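Please consult the sequence and the structure shown here while reading.

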Amino acid sequence: MAGRFPQRPTRTTVRGGDVVVPGGVPRQKAVAGRRRTWVPEGVLDLGLVLGPLRRGPGDPTFRAVPDGSVWRASRTPAGAGTLRVALRGGVVEAEAWGPGAEWLLDRVPSLLGALDEPDAFVPRHRVVAMAWRRRPGLRLTRTGLVLESLIPSVLEQKVTTDEAYRAWRLLVRKYGEPAPGPVPPGMFVMPTAREWALIPSWEWHRAGVDDKRAATILRAVRVAGRLEEAVGMAAGEARARLELVPGIGPWTSAETVQRSHGAADAVTVGDLHLPGIVGFALAGDRDADDSVMLALLEPYAGQRHRAARLILLSGRVPARRAPRMRRGDIGRL
């Protein structure tokens, strides 16, 4: 029966970067922006490729809309910009607005995985091979932007995803700017580095961000230019530069370069759940730690992040045996 019916999204598959992109509704007329088309090689799934860039269903910088298109609002080196991409008849149609429009359009192929090398991946386990066959459109995105992936990754340190998504949503809406163009309602571009630095301490508190995470973000935005330069480095060198900032460790740097660089081997270590999920899927060991996870992923050296994503997308996850991590809200203290 495998493959006859579409898989239902689960919490695990969503974490793997699976976003449902609705289709079948005619596109609405809108004010034209700058445009380009691009023909990808092979199968392309917009939801899988761009899914890791969405920080929760209410992310003000990301929308998947009923006409089958995906919208992103970004802070580019040229300024704020909004990008809409849609896949129609095997052709990617892209349209952009704002000062960053040309910058975004120039990078549409890399954003949609043109620089990725999926053919280098060889499944070594049945569960990975099955996920690989079911997700032929998976490509690793490369945004070319560090800060927009780094800041929400810092917000996700040692808290529930709901808390992190809420903080990102509140801060971007309050201190960002409305996304340029005829965008879906409620879309915003994240603040500039200076605007992040000027957020008062009590506003971090109201958003549920503790002093440690807020201080890490403030240290990062003070050297934002140097961090953005890491885009031109290899993923390992970029991670080393990011980790020079106190508060940014291997977990955060991996989560960042997975998106900014399309780093196929940047496996996330230090995660609360991932080792157990990988251990359970590959060896039936739900109590696996980072060392066991890395040993199990060793056959995928050079492609360990892709293997981990496929495991998450497979939906094979151990049954919960303890209550969820309790959600906190320091803004109410």
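## Packing of H12 and H13

Helix H12 (residues 235-242) packs against helix H13 (residues 250-260) at an angle of about 135°, and their axes lie 9 Å apart. Axes are lines fitted to C-alpha atoms, for helices over the stretch in contact, and angles run from 0 to 180 degrees between N-to-C directions. H12 and H13 are therefore oblique to each other; angles under 35 degrees count as roughly parallel, over 145 as roughly antiparallel, 65 to 115 as roughly perpendicular and the rest as oblique. The crossing of H12 past H13 is right-handed, a term used if the near helix is turned clockwise from the far one by less than a right angle, with anticlockwise giving a left-handed crossing.

From H12, the residues Ala 235, Ala 238, Arg 239 and Leu 242 meet Pro 250, Ser 253, Ala 254, Thr 256 and Val 257 of H13. By class, six nonpolar, two polar and one charged residues make up this contact of H12 with H13. Here Ala, Val, Leu, Ile, Met, Phe, Trp, Tyr, Cys and Pro count as nonpolar, Asp, Glu, Lys and Arg as charged, and the others, Gly among them, as polar. Contact means heavy atoms within 4.5 Å.

## Basis of the model and overall content

This is a predicted model, in which local features need pLDDT of at least 70 and side-chain atom pairs count only at pLDDT 80 or more, while totals for chains, interfaces and linings use all residues. Residues are numbered from 1 along each chain as its sequence is written, and side-chain values use heavy atoms, with hydrogens and water left out.

The protein chain has 16 helices and seven strands. Helices (H or I, at least four residues) and strands (E, at least two) are DSSP runs, numbered from the N terminus. Of the 333 residues of the protein chain, 52% count as buried; buried means under 20% relative accessible area, exposed over 50% and partly exposed in between, with a 1.4 Å probe and protein chains only. Among contacts between residues at least 6 apart in sequence, 70% join residues at least 24 apart.

## The five-stranded sheet

Five strands form an open sheet in the order E1-E5-E4-E3-E2, with antiparallel pairing. E1 and E2 are the edge strands, each pairing on one side only. On average, neighbouring strands of this sheet are turned by 20° against each other, direction ignored. Two strands are taken to pair if DSSP finds at least two bridges between them.

E5 pairs in turn with E4, antiparallel over seven bridges, with Leu 87 opposite Val 92 in E5. E4 and E5 form a hairpin with two residues between them, and Gly 89 in the turn has a positive phi of about 60°. Strand E5 (residues 91-97) has five of its seven residues buried, so it is largely enclosed by the rest of the structure.

Strand E3 (residues 69-76) is mostly covered, with eight of its eight residues buried. In a regular strand the side chains alternate between the two faces of the sheet. In E3 both faces are covered: Ser 69, Trp 71, Ala 73 and Arg 75 are buried on one side, and Val 70, Arg 72, Ser 74 and Thr 76 on the other.

E3 and strand E4 (residues 79-88) are joined by eight bridges in the antiparallel sense and form a hairpin with two residues between them. Ser 69 stands opposite Ala 86 in E4, while Val 70 has Val 85 as its bridge partner in E4. Strand E2 (residues 62-64) runs antiparallel to E3 and is joined to E3 by three bridges; Arg 63 has Trp 71 as its bridge partner in E3. The hairpin of E2 and E3 has four residues between the strands, and Gly 68 in the turn has a positive phi of about 90°.

## Two individual residues

Asp 290 is found in helix H15 (residues 290-297) and is partly exposed, with a relative accessible area of 26%. Leaving aside residues up to four places away in sequence, Asp 290 touches Val 269, Gly 270, Asp 271 and Pro 275. The C-alpha atoms of Asp 290 and Asp 271 are separated by 8.2 Å, and these residues are 19 residues apart along the chain.

Lys 158 lies in the loop between helix H6 (147-155) and helix H7 (161-175). Phi of Lys 158 is near 55°, a positive value in a residue other than glycine. Lys 158 counts as exposed, at 77% relative accessibility.
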